[in-house]
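Visitor: I have a structure open and would like to go through it. Can you take my questions one by one?

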Amino acid sequence: MIDAEWWDYDSPEELAEAVAGDVGYIIGQALEARGRAMIALAGGETPKAAYALLAAQPIEWADVTILPTDDRLVALDNPASNAGMLARQFMPKKARVIPLCAGETDPVAAGRAADSRLADLEWPLDIALLGVGEDGHTASIFPGPDHDAALNGPKARRALGVRPDPLPANAPYPRVTLTKAALVSARTVTLILRGKAKRKVVEQALKQGATSALPIGRLLADLDMDIDIHWCA
């Protein structure tokens, strides 16, 4: 079982500040060591404040490549697009933001195209910042028909098209997600979450380990590193 250190905060503002500080530090270490950094950032509402603070840091953003951990098959200017959200935040800073979707409507085709594009990048990720849903999904690895493919596909496969079943009511789109293999190979994996329900899910997943039916549990069980989990109510 991995050692997960929980960092609890009194407010969303404190949570955002801490996460921005951690991610910025890891980027700085990567730039110093290798002259470049590549990171994957979660979508959703929880990390947005952290991204605003991160973008304000004096980082050599032109040497940083940013991927969404997952995305919906929508246009970049759609509010549901994670790549669009990251592009608006970081491209003015000259960072390179690579979308997982390029206008496809079929998730299988989108996943294959994304996997091909990502193959040319210099892996592994320096950090994967992950969110968690109350159903135990992380990135767009949902419980359902595409669950095993995203978790247990070939290790060389870095992206996969998925169609959550049922589609989430708040974002009813097929998606492309980074695979478990792409995420767990990161030099650092960090979680950001809010709410008691999500904390309970992650605590359960950690306890269950490799036997967990939850995607986040299966992913965490495959890590060979300790992780930080940033949380507030």
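Visitor: Tryptophan 61 and phenylalanine 90: buried or exposed?
Guide: Both tryptophan 61 and phenylalanine 90 are buried. Buried means under 20% relative accessible area, exposed means over 50%, and partly exposed is in between, with a 1.4 Å probe and protein chains only. Before we go on: this is a predicted model, in which local features need pLDDT of at least 70 and side-chain atom pairs count only at pLDDT 80 or more, while totals for chains, interfaces and linings use all residues. Residues are numbered from 1 along each chain as its sequence is written, and side-chain values use heavy atoms, with hydrogens and water left out.

Visitor: OK. How many aromatic pairs are there?
Guide: The search of the whole structure finds two aromatic pairs. Rings of Phe, Tyr and Trp (its six-membered ring) pair if their centres lie within 6.5 Å; planes under 30 degrees apart count as stacked, over 60 as edge-to-face and the rest as tilted. The ring centres of tryptophan 61 and phenylalanine 90 are 5.2 Å apart with planes at 45 degrees, so that pair is tilted.

Visitor: And where do tryptophan 61 and phenylalanine 90 lie?
Guide: Tryptophan 61 is in the loop between helix H2 (48-55) and strand S3 (64-68), and phenylalanine 90 is in helix H3 (residues 82-90), so the pair ties together parts that are 29 residues apart in sequence. Helices (H or I, at least four residues) and strands (E, at least two) are DSSP runs, numbered from the N terminus. Ring pairs also link Tyr51, Trp61 and Phe90 into a cluster.

Visitor: New topic. How many disulfides does the structure hold?
Guide: It holds zero disulfides. A disulfide here is a pair of cysteine sulfur atoms within 2.5 Å.

Visitor: What about cysteine 101 and cysteine 232, buried or exposed?
Guide: Cysteine 101 is buried, with a relative accessible area of 9%. Cysteine 232 is buried too, with 1%.

Visitor: Now salt bridges. How many?
Guide: There are nine salt bridges in the structure. Each is a side-chain nitrogen of Lys or Arg within 4 Å of a carboxyl oxygen of Asp or Glu.

Visitor: Which residue does arginine 199 form a salt bridge with?
Guide: Arginine 199 forms one with aspartate 8, and their closest N and O atoms are 2.9 Å apart. The two sit in distant parts of the chain, arginine 199 in helix H7 and aspartate 8 in strand S1 (residues 4-9), 191 residues apart. Arginine 199 counts as buried because its relative accessibility is 17%, while aspartate 8, at 45%, counts as partly exposed. A network of salt bridges links Asp8, Arg199 and Glu203.

Visitor: Which ring faces does arginine 199 lie over?
Guide: Arginine 199 lies over the face of tryptophan 6, at 4.1 Å from the ring centre, and over the face of tryptophan 231, at 4.8 Å. A charge sits over a ring if NZ of Lys or CZ of Arg is within 6 Å of the ring centre and within 35 degrees of the ring normal.

Visitor: And what does aspartate 126 pair with?
Guide: Aspartate 126 forms a salt bridge with arginine 187, the closest N and O atoms being 2.9 Å apart. Aspartate 126 lies in the loop between helix H4 (107-118) and strand S6 (127-130), and arginine 187 in the loop between helix H6 (180-184) and S9, so the pair ties together parts 61 residues apart in sequence. At 5% relative accessibility aspartate 126 is buried, whereas arginine 187 is partly exposed at 41%.

Visitor: How many residues are in the largest nonpolar core?
Guide: The largest nonpolar core has 42 residues, and Leu118, Leu125, Leu191, Leu220 and Ile227 have the most contacts inside it. Helix H7 (residues 196-208) gives the most to this core, with four residues. A nonpolar core is a set of buried Ala, Val, Leu, Ile, Met, Phe, Trp, Tyr and Cys residues joined through side-chain atoms within 4.5 Å. A second, separate core of 32 residues includes Leu15, Ala42, Leu54 and Ile127.

Visitor: Last one. Where is threonine 177, and what does threonine 177 touch?
Guide: Threonine 177 lies in strand S8 (residues 175-178) and is buried at 0% relative accessibility. Not counting residues up to four places away in sequence, threonine 177 touches several residues, among them Thr69, Asp70, Ala139 and Arg158. Contact means heavy atoms within 4.5 Å.
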